[in-house]
Amino acid sequence: MLQLLQDYDCWVFDLDGTIWRGNEVIEGVLEALELLRKLGKKVLFMTNNSMKSRGSYLDKCLQDDIYCSSYSAAAYLDSIGFDRSKKAYVVGERGIMQELAAVGIESFGGPDDNEKRASFSSEMLHDTQVGAVVCGVDPNLSYYKVQYASMCLLLNPGCLFIATNTDARGHFTPNLEWAGAGATVGAIKGVVERDPIVTGKPSPFLMQDIAAKHNVQPAKSIMVGDRLDTDILWGLNTGMATLLVMTGVTDEQLLVAQRGSSNGVKPHFVMDSFGDLRRVAQQALQQQK
């Protein structure tokens with residue numbers, strides 16, 4: 001593990017299941033992060049949790065150092081020159097809407113549609129100026145939201161189908177996995193019969209933004225996360241080294257199955273918890289003195 005600290009200058013971390021579970025920080029992780037910074041390492045965070053904007057994490061991370069999938073959706077639309085005379089309909093939480101507003105894209109829906117209900121007894125209208133439907137985790141997903149989003153995608157020419165991510169499950173509370181953004185995306189995909197553009201992990205889109213803003217090289221970077229299909233796959237897709245931690249959704253059985261499969265997602269390194277790196281980081285710090 002000491003070699004890891006010598007080989008990689010930039011450390012990119014997932015949050016849920018890697019740094020914390022729900023609102024509980026995993027033991028030893030904060031100390032390990034602080035030791036990395038003392039060693040002169042660049043520490044960044046990349047989460048597929050779209051329920052918050054970057055500003056919502058300011059009590060835990062620096063805004064410039066965090067990339068959430070709500071930001072990735074807004075950054076993608078901004079990068080392709082999304083027509084600002086058009087709007088985005090959001091099926092997800094307020095974080096997506098805040099990130100869209102930050103790049104000048106008008107949006108509606110999200111939590112404001114939580115109480116709306118579809119009725120077969122009345123005609124349902126939709127906004128013909130919607131140019132993108134943006135989907136993320138939505139604890140209040142409803143038939144109304146699925147129908148409205150589907151109408152925009154099916155009836156508005158050129159309307160983009162954007163998914164912050166397609167995670168099946170997430171550790172939104174300490175001891176239980178909850179349905180992830182994949183539930184939202186899957187419901188709408190089942191109606192419109194087309195695949196979304198995925199902007200969060202494992203899409204390589206954000207790595208270009210990270211490399212440009214922070215002057216980092218993928219070959220000298222390592223992705224640390226708890227999910228094989230997003231965190232580790234994203235690291236592999238972008239040319240980074242990968243470190244799987246067993247504090248989240250991946251268990252030993254799944255890891256063994258992936259390692260035994262010819263097309264499985266195989267991390268370069270595995271640790272029980274990133275907090276376990278404290279001792280090695282302290283040793284490296286002492287060697288610097």
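## Exercises on a predicted model

**Exercise 1. Check the length of helix H6 (residues 181-192) against its number of residues.**

Solution. The coordinates belong to a predicted model.
- Step 1. H6 has 12 residues, counted at 1.5 Å a residue.

**Exercise 2. Which residues of H6 are buried, and how do they lie around the axis of the helix?**

Solution. 
- Step 1. Buried means under 20% relative accessible area. In H6, Ala181, Thr184, Val185, Ile188 and Val192 are buried.
- Step 2. Look down the axis of H6: the buried residues fall within an arc of 90°. They therefore line one face of the helix.
- Step 3. Now find the packing partners. The buried residues of H6 pack against strand S6 (87-91), S8, H5 and S9.
- Step 4. Go just past the end of H6. Glu193 there takes a positive phi of about 55°.

**Exercise 3. Give the strand order of the open sheet of 5 strands, and name its edge strands.**

Solution. 
- Step 1. The order is S7-S6-S8-S9-S12, with parallel pairing.
- Step 2. An edge strand pairs on one side only; here the edge strands are S7 (106-109) and S12.
- Step 3. Go through the pairings. S6 and S8 are parallel over 5 bridges, and Val90 stands opposite Val134 in S8.
- Step 4. S8 (residues 130-135) and S9 (residues 160-163) pair in the parallel sense over 4 bridges. Ala132 faces Leu160 of S9 as its opposite residue.
- Step 5. S9 is joined to S12 (residues 197-198) by 2 bridges, and these strands run parallel. Ala163 stands opposite Val198 in S12.

**Exercise 4. What is the handedness of the crossover from S8 to S9?**

Solution. 
- Step 1. Start from the pair: S8 and S9 are parallel.
- Step 2. Trace the chain. From S8 the path goes through helix H5 (residues 143-155) to S9, a β-α-β crossover.
- Step 3. With the strands pointing away from the viewer, a clockwise path over the helix counts as right-handed. The crossover through H5 is right-handed.

**Exercise 5. How many aromatic pairs are there, and how is the pair of Phe13 and Phe45 classed?**

Solution. 
- Step 1. The count comes to 11 aromatic pairs.
- Step 2. Phe13 and Phe45 are 6.1 Å apart, centre to centre, with 35° between the planes; the pair is tilted.
- Step 3. Phe13 is in strand S1 (residues 10-13) and Phe45 in strand S4 (residues 42-47), 32 residues apart.
- Step 4. Check burial. Phe13 has 0% relative accessibility, so Phe13 counts as buried. Phe45 is buried at 2%.
- Step 5. Trp11, Phe13, Phe45 and Phe274 form one aromatic cluster.

**Exercise 6. Classify the ring pair of Tyr89 and Tyr148. Are the two residues buried or exposed?**

Solution. 
- Step 1. The ring centres of Tyr89 and Tyr148 are 4.6 Å apart and the planes meet at 40°, so the pair is tilted.
- Step 2. Tyr89 sits in strand S6 and Tyr148 in helix H5, 59 residues apart; the pair links distant parts of the chain.
- Step 3. Tyr89 is buried because its relative accessibility is 0%. Tyr148 is buried too, with a relative accessible area of 7%.

Notes. Residues numbered from 1 in each chain as written. Predicted model: local features only at pLDDT ≥ 70, side-chain atom pairs only at ≥ 80, totals over all residues. Heavy atoms only, no water. Pairing = 2+ DSSP bridges. Expected span 1.5 Å × (residues − 1). Buried < 20%, exposed > 50% of the residue type's maximum accessible area, 1.4 Å probe, protein only. Arc of directions from axis to C-beta. Contact = heavy atoms within 4.5 Å. Phe/Tyr/Trp six-rings, centres within 6.5 Å; stacked < 30°, edge-to-face > 60°.
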